[in-house]
Amino acid sequence: MKDPRWNRLSAIARHPAAALILCVLFAIAAGFFLRGGLAAHQRLAAADDPAATADQALAATFDRDVAEREIRTALAASDLDLAQSFVELAAERKVPIDPTLPAQVKKTEADQHTLANTAGRFVHGLWTGEPTDFASLAGTAFGDLFVFGDIRDAAREGTRYLTGRQYDPWILGLAGAGIAITAATYASLGATVPERVGVSIVKAARRTGRINPALTVRVAREAVKVEGAGGLVSLAQNTGRIEAKAGSQAALDSLAIAQGPQDVSRMARLAAAKGGKTRAIVKLLGRAAIVLTASAIELASWLLWAGLALLGFCASCKAGVERATQRYLDRRKLRCAIG
């Protein structure tokens, strides 16, 4: 004999209302999965547009609290360039921030841009080849433009190589490429200045350890596939484009997160679209600013679950209609039998 509780549960499960409840649940699930699929499709559509990829990521992460926190942190670290970048990003995305923060950034900028301070940073960049801002980059680029920096680096690394000491083949190769690009710069009346500046920044990033090791490996592999220093020159070209649109620090930050030459190329496209806001975007999002987080597999997964939910919705609707019809027929037969 069956358990009465089992009979009651079976009767409830066969009731048309149960099928109606399942219809509602499956409809909600299908809507959820379709929404996820649409979001994944939008991310896939933005795969070839770094600016669109960054905008989608910023929409989920950038708000007033984040903007104000990052600006204050940058000011506390005396990183005026980063603070200004976040101010510009907040303005572009219409994120309201404390009005005292932009004023504080402007005041700090005025204090730093004194003649003595600027001259000191210029000399620092000229002598060390390690740019930290526009003034020091100008000194580094000035030294390299007159071949002083490249000859210094080539002589140092070349001497180490010839005497059997440890040397940096990257610095040596970049110095050689820099000398060649400098000659082309003079011959073209300045047409290759961005590439020349790019070489200086890549050298500085390598010297200070701010270049992603994965990037150095992949560029070296590509340089083997092409003749000469083609991989290094391409890297320098894209780095120079980033610097021209977003500044030296944005270029250095880009080299720190890039895992391959293609990443640097995408960063150059992002810088062309976002300008001075690029550094804030890179600081906030990292490599997610240029690399798609969704994939075709993710999109297919969302659509598969949505399809299963729709199938369950249709099956529940069919079962509900059949059960309601059967209950109506049973009651009609019962009335006819009584009458």
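## Overall make-up

A residue is called buried when its relative accessible area is under 20%, exposed when over 50%, and partly exposed in between, using a 1.4 Å probe and protein chains only. By that rule, 39% of the 339 residues of the protein chain are buried. This is a predicted model, in which local features need pLDDT of at least 70, side-chain atom pairs count only at pLDDT 80 or more, and totals for chains, interfaces and linings use all residues. Residues are numbered from 1 along each chain as its sequence is written, and side-chain values use heavy atoms, with hydrogens and water left out.

The protein chain has 17 helices and zero strands; these are DSSP runs numbered from the N terminus, helices being H or I of at least four residues and strands E of at least two. Contact here means heavy atoms within 4.5 Å. Among contacts between residues at least 6 apart in sequence, 72% join residues at least 24 apart. The chain exposes about 18600 Å², with 64% supplied by carbon and sulfur atoms; accessible areas come from the Shrake-Rupley method with a 1.4 Å probe, and for residues only the protein chains shown count as cover.

## The largest nonpolar core

A nonpolar core is a set of buried Ala, Val, Leu, Ile, Met, Phe, Trp, Tyr and Cys residues joined through side-chain atoms within 4.5 Å. The largest one holds 53 residues, and Phe 62, Ile 71 and Leu 255 touch the most other members. Helix α5 (residues 80-92) gives the largest share of this core, seven residues.

Beyond its neighbours within four places in sequence, Phe 62 contacts Ala 67, Phe 86, Leu 89, Ala 90, Arg 93, Val 95 and Leu 284.

## Helix packing around α15

Axes are lines fitted to C-alpha atoms, for helices over the stretch in contact, and angles run from 0 to 180 degrees between N-to-C directions. Angles under 35 degrees count as roughly parallel, over 145 as roughly antiparallel, 65 to 115 as roughly perpendicular and the rest as oblique. The axes of helix α3 (residues 50-61) and helix α15 (residues 261-274) come within 8 Å and cross at roughly 75 degrees, so α3 and α15 are roughly perpendicular. Pro 50, Ala 51, Thr 53, Ala 54 and Asp 55 of α3 meet Arg 266, Arg 269, Leu 270, Ala 273 and Lys 274 of α15. This contact has five nonpolar, one polar and four charged residues, where Ala, Val, Leu, Ile, Met, Phe, Trp, Tyr, Cys and Pro count as nonpolar, Asp, Glu, Lys and Arg as charged, and the others, Gly among them, as polar.

Helix α16 (residues 278-285) packs on α15 at about 125 degrees, with the axes 9 Å apart; the pair is therefore oblique. Met 267, Leu 270, Ala 271 and Lys 274 of α15 make the contact with Thr 278, Ile 281 and Val 282 of α16. By class, these residues are five nonpolar, one polar and one charged.

## Either side of α5

Most residues other than glycine have a negative phi. Ser 78, in the loop between α4 (64-76) and α5, has a positive phi near 60 degrees and is exposed at 56% relative accessible area. Lys 94, in the loop between α5 and α6 (100-112), also has a positive phi, about 55 degrees, and is exposed at 71%.

Ala 74 lies in helix α4 and is buried, at 2% relative accessible area. Not counting residues up to four places away in sequence, Ala 74 touches Asp 79, Leu 82 and Ala 83.
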